[in-house]
Amino acid sequence: MKKILLIGKFNTVVNDTNQFLSQYFHVQLCSEKAGVLEGMLKIVNPDLIVISLVGAYDIDTSIFYMLSEQYAQIPVLTIGTKEESGRFFKYYEGEQFENLIRPVENSIIMEAVCRRLGMEEERAGQEARQENSAHRGKKRILVVDDNGMALRTMKAMLQDIYEVALAVSGAQAMTSIGKKRPDLILLDYEMPVCDGRMTLEMIRADEELKSIPVVFLTAINDRENIEAVLKLKPAGYFLKPPVKEKLVAKIEEILQGTSVPYSV
């Protein structure tokens, strides 16, 4: 399946677009902030970028320059009302950018996406069915870390065994969980703004999500830090970088319900 990076404010429009496109492609949500986008581009390496302009009057316009100068090989599709689109046309460069005016039917979005990807709609559906068939029965692991290299390493380590989803922040993790519930979460303990503890608290505050096992990943190896981690009673914790065999063994223990709880 082709990979799409969907950029925009997390609103109803973005959520609806995400749900529709996720039926046919790997879709990764991203905020419209240039710094976050640059990191996600390196992690996801998308085949197409879709930017929702709805409600994004304060969008960071530097992303258009970055895309045209550093990622000219990636096609970009923007979607917004006539007024919103008009505000951003001046930043578009050449054939890399294409725009759709809302209101627009999903069928038109699909047609434009496939055109930008250079593929037939029937092929997109076929690839989605094959991918879903391959993933059927695989457990879904969500890896949350603000370090792009750590995310790439974890994905490479686990993707042959599990269906792996990635998030670069606690907020993005909650969006990903809402999109598709994971069977287990690997959560970086040290993250800016919304750290691992805060992210875990958000997960446990939701009745529908609090049963998802969370395994902390931490780079700090001292007694005080480890005790702080264990007081949160995670399903497990590992020092970075984890050893693949030990990590997979622990994940399997947790998923099979045979893991022994940690204690301080």
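**Charged pairs in the model**

A: Lysine 210 is partly exposed, with a relative accessible area of 41% (buried means under 20%, exposed over 50%, and partly exposed in between, using a 1.4 Å probe and protein chains only). This is a predicted model, in which local features need pLDDT of at least 70 and side-chain atom pairs count only at pLDDT 80 or more, while totals for chains, interfaces and linings use all residues. Residues are numbered from 1 along each chain as its sequence is written, and side-chain values use heavy atoms, with hydrogens and water left out.

Lysine 210 pairs with glutamate 207 in a salt bridge, their closest N and O atoms lying 3.1 Å apart; the term denotes a side-chain nitrogen of Lys or Arg within 4 Å of a carboxyl oxygen of Asp or Glu. Glutamate 207 is exposed, at 60% relative accessibility. Salt bridges with shared partners also link Glu98, Glu111, Arg115 and Arg116 into one network.

Within that network, glutamate 98 and arginine 116 form a salt bridge of 3.6 Å, N to O. Glutamate 98 belongs to strand β5 (residues 97–101) and arginine 116 to helix α5 (residues 106–117), so the pair ties together parts 18 residues apart in sequence. Helices (H or I, at least four residues) and strands (E, at least two) are DSSP runs, numbered from the N terminus. Glutamate 98 is buried, at 18% relative accessible area.

Lysine 240 forms a salt bridge with aspartate 188, with the closest N and O atoms 3.1 Å apart. Lysine 240 lies in the loop between β10 (236–239) and α11 (244–255), and aspartate 188 in strand β8 (residues 184–188), so this pair ties together parts 52 residues apart in sequence. Aspartate 188 is buried at 1% relative accessibility, whereas lysine 240 is partly exposed at 28%. The structure holds 11 salt bridges.
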